[in-house]
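Trainee: Could you take me through one part of this model in detail, namely how its helices pack against one another?

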Amino acid sequence: MQALYLLALEPVAESTSDPNSYGFRINRSTADAMGQLRGCLSRRDSSQWVLDADIEGFFDHINHDWLIANVPMDKSILRKWLKAGLIYKGQFQATRAGTPQGGVISPTLANMTLNGLERDLIAHLSAKLGIGKAKKLKVNVVRYADDFVISGASREALELEVRPWVEAFLATRGLRLSEAKTRIVHIEDGFDFLGWNFRKYNGKFLPTPSKKNVQAFYRKVADTISGNKTVKQAELIDLLNPMLRGWAQYHHHVSAKRAFSRTEFLIFKQLWRWSKRRHPRKTVEWVKRKYFHTIESRHWVFGVPRIAKDGSRVIEELYSLSGTAIRYPTKIQGEFNPFDPAWEQYGEQLRQTRMQYSKRHLKQWVILYMSQDGRCALCDGVLTDETGSHNHHLVYRMHGGTDSLSNRVLLHPHCHRQVHACGLTVTKPALR
């Protein structure tokens, strides 16, 4: 039932959301939040002070009366969800505040609770101080779910103008800032947000993985290695690779090379101890030959030989953190609405840009290219590196179209613009 109501509520939530809210929203991620912070803090004339805010017990303290009065849906159904209670350790507990525990609609309700934090704050400052003076304060709000930071030109502006308004905004919703975790810091001292540390070093803005995040990840990997002392090497690699790859992919949008190299070295030391422990009577050289290999110019690669399908001998190796490429993301436009047909072409281009380094995406592109004999599905002209190509959904995604290859074709970029501007119909070309 929550999923059915969410189908109707989510478009409303998207249309009323703040431009720089990135949590629990379609096509938005922590990387977009990081990109927005880089845009508003990296310049010489950018804000120098940041209100690093933390809401105390956010999901557990949202005021039910406020939700029922302000969320545009069936009030009786919403009230039943909010007041349903929960069973914890065999005991029934009434729910007097907060969103449904584990409910699929809870993230959207939480976002709607904080919608207006950015727009209303800017409107308040403009009305109180005037548009010109409000702009000089350089106030920027970046939010991911219940975590948010607000930048400002001075400490006084954040203390006297911004924080009191934020506290009043939250109070009407039954929320309050955590006194212990909320602080105002200078950008040269840095602050942690979403697992990254944002700081300026001699005027240069540099986002890096936070020390707390790096230490927690390394401890998780070290515990996995020490907890699997007797498994085969291939099994240990299968356990570690998803962890390493996932952590690296999360941080590859920031300046993480130093953190990657340092963490990789610490993990190598753990693996070396794991290897030597298994063969206490063997020499160091024997242990090295068995568990570590040389692949091209890389030495001491933790891997296990296996026979490929074509009969060749390959090395199944541990994922290389230091080999992860650093690529700054393409930040989504703040006003993008995935339910508005006017944004359909932008959504397609954004998806293609973000997927261009994905092997799965490249494979799908090749299949589409060959099925169309290398020609545009609209003008039948040849698709080349010079002309470029765009993915086009025959049935728009916001009209229920899927990402399957049967619903996608390749078009020239200018043909793609014509399709959307003139409402042209494109058909799937028959195999030649």
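**Helix packing, pair by pair**

Mentor: Helix α14 (residues 344–355) and helix α16 (residues 413–422) pack with their axes 10 Å apart and at an angle of about 150 degrees, where axes are lines fitted to C-alpha atoms, for helices over the stretch in contact, and angles run from 0 to 180 degrees between N-to-C directions. This is a predicted model, in which local features need pLDDT of at least 70 and side-chain atom pairs count only at pLDDT 80 or more, whereas totals for chains, interfaces and linings use all residues. Residues are numbered from 1 along each chain as its sequence is written, and side-chain values use heavy atoms, with hydrogens and water left out.

The helices α14 and α16 are therefore roughly antiparallel (over 145 degrees; under 35 is roughly parallel, 65 to 115 roughly perpendicular, the rest oblique). Helices here are DSSP runs (H or I, at least four residues; strands E, at least two), numbered from the N terminus. In α14, Glu344, Gln345, Glu348 and Gln349 are in contact (heavy atoms within 4.5 Å) with His416, Arg417 and His420 of α16. The residues of this contact divide into no nonpolar, four polar and three charged, with Ala, Val, Leu, Ile, Met, Phe, Trp, Tyr, Cys and Pro counted as nonpolar, Asp, Glu, Lys and Arg as charged, and the others, Gly among them, as polar.

Turning to another pair, helix α11 (residues 233–251) packs with α12 at an angle of about 170 degrees, the axes lying 13 Å apart, and α11 and α12 are therefore roughly antiparallel to each other. From α11 the contact takes in Gln233, Leu236, Leu240, Leu244, Trp247, Ala248 and His251, and from α12 it takes in Phe260, Thr263, Ile267, Leu271 and Trp274. By class, this contact of α11 with α12 has nine nonpolar, three polar and no charged residues.

Helix α12 (residues 257–278) also packs with helix α13 (residues 284–291), at an angle of about 115 degrees and with the axes 10 Å apart, and α12 and α13 are therefore roughly perpendicular to each other. Here Trp272, Trp274, Ser275, Lys276 and Arg278 in α12 meet Val284, Val287, Lys288 and Tyr291 in α13. The residues of the contact of α12 with α13 divide into five nonpolar, one polar and three charged.

As for the wider setting, the domain assignment (bounds from an automatic or database assignment) gives domain 1 (1–207), domain 2 (211–317) and domain 3 (343–422). The C-alpha centres of domain 1 and domain 3 lie 35 Å apart. Over residues 1–198 the chain is 46% helix and 17% strand, with the end C-alpha atoms 41 Å apart.
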